[in-house]
Structures are given as C-alpha cells and as structure tokens.
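Please keep the sequence and the model in view while reading.

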Amino acid sequence: NRFIDIDEEESVPYYPMRLILEKQTGVVRLQTPFPVEEVKPRYDWLTCFEPEDHLDTLVQKIIKLPGVNINSVFAGYSFKDDSTLARLKSIGYKNQWRIDPQKDLGINDPCVSVETFQSIFNVNKALQIQQRLGTVDVFIVRHVLEHAYDLKEFVSAISSIINNEGYIVWEIPDCENAFDKGDCTIIWEEHTYYFTSYTFKQLLEKSGFTILNYESVPYPLENSLIAITKKNKKN
C-alpha cells in the first residue's frame, strides 16, 4: 500500500502478525489487527477486484426471493457491490442506493478503502444512514465481513439497515482449501478473519439470522461463500 521510492527516507513500520484459533467457535483470526492508518492505501489507483462470474446467477436468486418485487429497495455496503446493483438496475430493479463514504461516513480521503469504512461504520452510524435513506429490502455485503475489526458490532450495524422482513446477501472468501493445503499466503494484514463454511454459518446463526440460501462458488484462487439471510424472529 506504500510503494516507497528507493530514495525516500520513510521507514516501513513492522507489527507482529499473530494468528489464533478460537477454541469455542473454531474461528481463525488475527490476534491484533493492524492499525487502520497503516493498512490504508496511499494511492487512489489502488483498488480491489473480487470474483464476479457468479453474479448473474446470484441476481436471479435474489429477485426470486419471497416478497422481492420491482418496487423493492436494494442497497450496497461498498464499491464492491456496485456491479451487483448495476445488474439489478439493468433488469428493472432501479430502487436502490449505496452507502456513500463522504455523506454517510464522513470520509473525504479518496485513497481509503474498506479497511477505513469498517472502522467508522457502527450501529449508530447505520441508524443515521437508515434514517436518511430508509430501511432496505435487500442489502448486499460482498467481501467486507473478513475486514471487520469488531465483528459483532459490524454485523449488528449491517442488520440495522434492513427492515424486519429484509434480506442480507453476504459474500466472503473461503479459506478452507488454503488451510487444507497449508498455503500460508492466505494470511495477510488486510483480513482480520479467515472463515470456512462451518465458521461462517456458525457466525450468522449465532448472530440471529436464518440462512435461506447457502453455496460455495468454486474459483481457482479461493472459493466464494455466499449466504442469503433473514432476521431470525424466534432468536
């Protein structure tokens, strides 16, 4: 994220990277996340690319969910959700919005990415966004959960934006194959959590969601885990 020139005097900071496995949950995570300011990209041409070959199929599943219709409100958490929202808009689902880093999170730095979004996005901020834009029927949250420093707060904030009958479409990278193969490159400073199918499902269910649709989409580097959830009213 720095790309320091060989002649520059800036020194690169070092932080301990300790990986732990929670005995009670089986979740693998960094013991201490790196300071957000140090992880933040330094250039506006740095961005993220996530696998998208499955998005057309995913959109078809979303629009067939019970209660979803042409008037339903769709929302996205970050720029990673723009391509999904664009697909929905192209087939007539135009009632949509996405969290604006400047208006909704007070972020004016064009270089920042999801590492900074998560540090500001909390339940109070989510409620402010909900008051300004209203609750949504379908909230799309792709490849950001694994970046959260405070997982419980982040999940609660996401849940605050949907209405009582709303859906959340979660997508995260699947680390199981890399763990099986002993591929240590799966561990890096921008991800705080490293989920498998088991730990992802456990997180959602213990967070008060009912999983309506779940799949692992195969990709060469890492599979994508996708879960469509609703609030569990019995929990």
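Two residues are in contact when they have heavy atoms within 4.5 Å of each other. The model is predicted, so local features need pLDDT of at least 70 and side-chain atom pairs count only at pLDDT 80 or more, while totals for chains, interfaces and linings use all residues. Residues are numbered from 1 along each chain as its sequence is written, and side-chain values use heavy atoms, with hydrogens and water left out.

Consider Glu153, which is found in helix 7; helices (H or I, at least four residues) and strands (E, at least two) are DSSP runs, numbered from the N terminus. Leaving aside neighbours within four places in sequence, Glu153 is in contact with Asn122 and Val123. Glu153 and Val123 are 30 residues apart in sequence, yet their C-alpha atoms are 6.7 Å apart in space. Relative accessible area describes exposure: buried means under 20%, exposed over 50%, and partly exposed in between (1.4 Å probe, protein chains only). Glu153 counts as partly exposed because its relative accessibility is 30%.

Helix 7 as a whole is mostly covered, with eight of its eleven residues buried. These are Leu151, Phe154, Val155, Ala157, Ile158, Ser159, Ser160 and Ile161.

The interior can be described through nonpolar cores, each a set of buried Ala, Val, Leu, Ile, Met, Phe, Trp, Tyr and Cys residues joined through side-chain atoms within 4.5 Å. The largest nonpolar core has 38 residues, and those with the most contacts inside it are Tyr77, Phe121, Phe139, Leu145 and Trp170. Several elements each supply at least two residues of this core, including helix 5, helix 6 (123-133), strand 5 and helix 9. Helix 7 gives the most to this core, namely six residues. Which residues does Leu145 touch, not counting those up to four places away in sequence? They are Leu151, Phe154, Val155, Trp170, Ile172, Phe195, Phe200 and Leu203.

Helix 2 (residues 55-63) also has buried residues: Leu55, Leu58, Val59, Ile62 and Ile63. Seen down the helix axis, the buried residues of helix 2 fall within an arc of 130 degrees, so they line one face of the helix; the arc is that of the directions from the helix axis to the C-beta atoms. What covers these residues includes strand 3 (74-76), helix 3 (82-90), strand 5 (136-142), strand 6 (162-173) and strand 9 (224-231).

The pockets come next. On a 1 Å grid over the protein atoms alone, a pocket is an open set of points with protein on both sides within 12 Å along at least five of seven lines, and lining residues have an atom within 4 Å of a point. Grid points are joined across faces, edges and corners, and a volume is the space filled by probe spheres set on the points. The largest pocket holds about 800 Å³ of space. Among its 34 lining residues, Phe49, Glu50, Trp188, His191 and Glu222 lie nearest its centre. Helix 8 gives the most to this lining, with three residues.

The second largest pocket has a volume of about 310 Å³. Its lining has 15 residues, and Leu151, Lys152, Leu203, Lys206 and Ser207 are the closest to its centre. Helix 7 (151-161) and helix 9 (197-206) are the elements that give two or more residues to this lining, and the largest share, five residues, comes from helix 7.

Definitions and conventions:
On a 1 Å grid over the protein atoms alone, a cavity is a set of points where a 1.4 Å probe fits but cannot get out, and a pocket is an open set with protein on both sides within 12 Å along at least five of seven lines; lining residues have an atom within 4 Å of a point.
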